[in-house]
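Here's a quick briefing on how the parts of this structure meet. Take a look at it first, then we'll go through the contacts.

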Amino acid sequence: MTLIIGKELFTIEIIELFPNVTLRCFRDTRFKQGCLSFQLVGQMTAQDAAWRALLPSVLLRGTGRCPDLRTITQRLDTLYGASVSPLVRRVGDCQTTGLYCSFMDDRFALPGDRVLDPMTEFLGELLLDSPVEQEGFLPAFVESEKSNLISTIECERNDKRLYAQNRLLERMCAPDSFGLPRLGRPEQIRAIEPIALRRSYLDALQTNPIHIFYVGSAPAEEVARLLAPIVRGLSKKSVPVPPQSGLETGVPGELTEEMDVTQGKLCMGFTTPITNRTEEFAAMQVLNVLFGGGMTSKLFQNVREKLSLCYSIGSVYYSVKGVVTVSAGIDFDRKDCVREEILHQLDACCRGHISQTELTAAREALCSSLRATHDSPGSIEGYYATAALSGLGMTPEQYMHAVEAVKKEQVVSCARQMELHTTYFLRGESR
Amino acid sequence: MNKTHYRDLDETVYRITLENGLDVVVIRREGFTKKLAYFITDFGSIHTDFTLEGREYHVPAGVAHYLEHKLFDMPDGRDVSAEFASMGAMTNAFTGYDMTAYYFSCTEHFEKCLRLLLEFVSTPYFTEESVRKEQGIIDQEIGMNADSPDSVIFDNLAGAMYTSHPIRVPILGTSESIREITPEILYTCHRAFYTPENMLLCIIGDVEPTACADIARQVLGTERREAGRKLRPWQEETAVPTALTEESMEVAMPMFNLAFKCRDGGIGEAAIRREMVADLAAEALFGESSSLYLRLYEEGLIDSSFGGGFETVDGCAMLLCSGDSRDAGAVRDAVLAQGEILAREGIGQEEFARMKRSALGRRIRSLDSFDATCYRLCAYHVAKFDYFDFPALYRQIRREEIQAFLGEVIRQDNCCLSVIYPVKEA
């Protein structure tokens, strides 16, 4: 089946290679590189998060023809410095695991040389020809990637802003899959055995839908022809991905933690019934940008610029689940006044204290980034591959038109539906 | 304007030097929606000593960054960010050791945005009150860096490696040094280094090149003014005064920066060639396709956070690698030992050809990023080299150059290690 989305300049061809094995192609000759992503789509669960996070790094450790990291890199060097990286995404209730390839466009290769063909072949090898020992992946590969992944997770605390944000979401969304750590927990990773990991993977290859995305200069039929031998026989027992569900929240409250830091991190979590599947979605996005989305937002202009209460401040809207977080880097003793001021700014939105300038700036910022979606292979892949899972049923053009039509009353209505749920504060150690 | 087509890269570039001395470079990308403009000066945090109009100045550390913040202020309470935002454009700036850049990206209203960029960067407006108020904000930024292990580990490294070069001092300065900054100092620095002759305007996107040059003429005028002359009093030996610096912080795993101090390569084609040789040497020594990388990775001494390359700043250069490791000292010893072997035995012809092909392909791919391309073009322009000539330069590099570079640089006496341990282990 081939389906063409969008009547404008850009089209996506959707080809069902086999049942539940979907190839999406975005043909574009403007770029110097192409990208190809391969994702197995599953549900985000406490049992599966860890192995899915670990799998791609193990696949990247060796194949039948390239038995170690060095030979893999040498192969990629020969493909004009192509790269293959682990791809683990969380989109609302979904979690994907797979690989992401970036490679130079064929037109820059030496005469007679090709990049896409051998790249696809190599992707197939990485996915389906891992060295095996007693039905499992090689224990040495699994063990070292386990410790790498654990240290990646532990290193999240090096970035205090991210750390605070994760702690907030974990608490606020405790009963929901959204409260689970994206890459699993260290103790779950430690428990993974090479045989069980391979069994989970082989099982997922049969039971999970497969999403493949290509951006580049080759025609869709050619990409389909190259991929067909790799995916033939896969995903035979899979069922389509279920639709996204609403957020289940934990017990509201406040949480303070201490660490040896110079600057405090205040993080506030709000809920909203508005998601990317509801009518008011575009208005909610405008509200988020206007409230805390950039240098012209109310939070930045007032809390930072006017009152000099912090260096950094901003908000994030997780539209699949209907969560807004605000985080600020502040002095320890300013927590209460920054918190008050954040709520005060939200209250201003609720009371309709929104100028035409603020509204225009927010709408324009969103439209501008949507317009530029088609300017890089990475952002094209990111937009469409995520939209296919999140339930967002709009192309960037349609999304833009929705944003342009947003009225102030709609933004005010969105603000009134936001409710503070949890406050998290990271402060220095009391001595 | 001067038009050059680069067949190897499928790029067309327009260039002109205006009457006022400003260089304008336009990379035309037809069919793209995004437009990006960089307006840069080669004045950065290390340029605290200079002469202007016959007088010598020594300004406090952190002044270039402070100036970058304050340039966004305009007379009559105009808000530059809001004006850009009303056009759907995003504006920002950054200060490096030897360059300050102001930029915007937009999809519509390009010419109005360009006018605004040129206008605000060329309009200094500082008051006692606004300069004082900025101290709080920059103090918070300094505090944020103090909690960022990546900043601390590099500042510690630079402090240990150099005796007089101002790379020793953080780009932001210190809480004490920024207190000495006054409106008068900011005006002086602006007069010295924000003259058109000292700046570059680099634009990428589907834009009309001559219109860009015309706008720059209209906003900046045609008068040519003398720029400040940088003093570079620093004297550096290639040996490092301190070989090891350690600190404890709230980090999960011990992390390290390992660097080899190199002589300053200067500017021009020879310097850029040396930079490319150095990057290939780094690849041969500890890149992902090297035997050393594989060994250290399999022994668990490094993980995927490991990486490195050649870093240059006006007046200094270093071969640097960094990552997380439970035994950074062992990584250092292994790099030193492998460096000696490669310097003695060289690298194979086939391996060298593959590395070059890979490096060239990665550079070509990176041209898809507007930001990376604009930034590189600016940085290389300051170094007096046309960045888009890189394919030809790669073709000329011989493998003996890699060997010679490693022999010169990978030595115990110019090697410095900066480590940060988790608090608990200290």
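In chain A, the centres of domain 1 and domain 2, taken over C-alpha atoms, sit 30 Å apart. The assignment, which is automatic or from a database, puts domain 1 at 2-231 and domain 2 at 253-428. This is a predicted model, where local features need pLDDT of at least 70, side-chain atom pairs count only at pLDDT 80 or more, and totals for chains, interfaces and linings use all residues. Residues are numbered from 1 along each chain as its sequence is written, chains are lettered from A and ligands numbered from 1 in the order written, and side-chain values use heavy atoms, leaving out hydrogens and water.

**Between the domains of chain A**
- Contact (heavy atoms within 4.5 Å) links 39 residues of domain 1 with 39 residues of domain 2.
- The two domains bury about 3,300 Å² between them, with 72% of it on carbon and sulfur atoms; that's accessible area (1.4 Å probe) lost on being put together, summed over both parts.
- On the domain 1 side, Leu168(A), Arg171(A) and Met172(A) lose the most area to domain 2, together 19% of what that side buries.
- There are 5 salt bridges between the domains, counting a Lys or Arg side-chain nitrogen within 4 Å of an Asp or Glu carboxyl oxygen.
- Asp176(A) and Lys321(A) form a salt bridge, with their closest N and O atoms 3.2 Å apart.

**Between chains A and B**
- Chain A brings 63 residues to the contact and chain B brings 58.
- About 5,200 Å² is buried here, 52% of it from carbon and sulfur atoms.
- The rule finds 6 salt bridges across this interface.
- Arg371(A) forms a salt bridge with Glu108(B), at 3.3 Å between the closest N and O atoms.
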